[in-house]
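Subject: Structure for you, with notes

Hi,

Here is the structure I promised to pass on.

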Amino acid sequence: MAGPGFNIFFSINFEDKSPIAELIHRFKYNGAKEIGEILGTLLNNTFTRPTFLVPVPLHRRRLNSRGFNQSLILAQQLARKWDLPVSDILQRHRYTKPQVELNGLERLTNVTDAFSMKNPAQHLNPEINYILIDDVCTTGATLGECVKILRRHGAEKILAAVVAKT
């Protein structure tokens, strides 16, 4: 779920008159502090789900000319710090102009349909957190296209981590 400039992970969808709504109401307004243990367990489970770091891929032509993928290096660094696996599952199958050379509207169309899964038949587990890793976010077009592919293949819990945002 997207908030104002950030993603929110949650355990359960809140619906009026649902069992979770009743529990939260009893917890907050009826002094049923013991319900906090149940709700805390639900929240904890949100953060103990398996999490994979997914670097934003480079097209092989750009990778060959640069010699490295900066997003992969960042993901590997985070993987060591956070003890999380890197899941290099995306590919950039269409060569595009460097985003830095384009204006906002051009950036959006430049990366449209430029990404796909390395294994097109792969289905992603909706219970896993996927964190896209990139160096810079300007318009969000690249990250948005990557999210689209991950969602198309079953991912539901996706966020992005970037070094800098313009």
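Predicted model: local features only at pLDDT ≥ 70, side-chain atom pairs only at ≥ 80, totals over all residues.

Glu 145 is found in helix α6, and it counts as buried because its relative accessibility is 12%, under the 20% cut-off. A second polar contact, of 3.1 Å, links its side chain to that of Lys 148. Leaving out residues up to four places away in sequence, Glu 145 touches Val 111, Thr 112, Asp 113 and Phe 115.

Now for the overall layout. The chain has six helices and five strands, and from the N terminus on they follow the pattern α-α-β-α-α-β-α-β-β-α-β. Of the 166 residues, 34% are buried. Among contacts with a separation of 6 or more, 70% are between residues 24 or more positions apart.

The sheet comes next. Three strands form an open sheet in the order β1-β4-β5, with parallel pairing. β1 (51–55) and β5 are at the edges with a single partner strand each, so one side of each has no neighbour in the sheet. From one strand to the next, the twist averages 25°. Two helices pack on this sheet. Helix α4 (residues 70–82) touches β1, β4 and β5, and its direction makes about 130° with that of β4. Helix α6 touches β4 and β5, with its direction at about 160° to that of β4.

If you want to look at the pairing itself, β4 and β5 (residues 157–165) are joined in the parallel sense over eight bridges. Within β5, Ala 164 is the bridge partner of Val 136, and Ala 161 is the bridge partner of Ile 133. Together, β4, α6 and β5 make a right-handed β-α-β unit.

What about the interior? The largest nonpolar core has 20 residues, and those with the most contacts inside it are Leu 90, Tyr 130, Leu 132 and Leu 150. At least two residues of this core come from each of β3 (115–117), β4 (129–137) and α6 (141–152). The most come from α6, which gives five. Apart from this core lies another, of five residues, including Leu 53, Ala 75, Ile 131 and Ile 133. As general background, nonpolar side chains in soluble globular proteins tend to be buried together.

Tyr 130 deserves a click of its own. Not counting residues up to four places away in sequence, Tyr 130 touches Phe 52, Val 54, Leu 124, Asn 125, Leu 150, Ala 155, Lys 157, Ile 158 and Leu 159.

With a relative accessible area of 8%, Ala 32 is buried, because the cut-off for that is under 20%. Leaving aside neighbours within four places in sequence, Ala 32 is in contact with Arg 26 and Phe 27.

Happy browsing, and do write back with any questions.

Best wishes

Methods
Residues numbered from 1 in each chain as written. Heavy atoms only, no water. Core = buried A, V, L, I, M, F, W, Y, C linked by side-chain atoms within 4.5 Å. Buried < 20%, exposed > 50% of the residue type's maximum accessible area, 1.4 Å probe, protein only. Helix = DSSP H or I, 4+ residues; strand = E, 2+ residues; numbered from the N terminus. Contact = heavy atoms within 4.5 Å. Pairing = 2+ DSSP bridges. Right-handed = clockwise from strand over helix to strand, strands pointing away. Polar contact = N/O pair within 3.5 Å; in protein donor to acceptor, adjacent residues only side chain to side chain. Axes fitted to C-alpha atoms, helices over the stretch in contact; angles between N-to-C directions.
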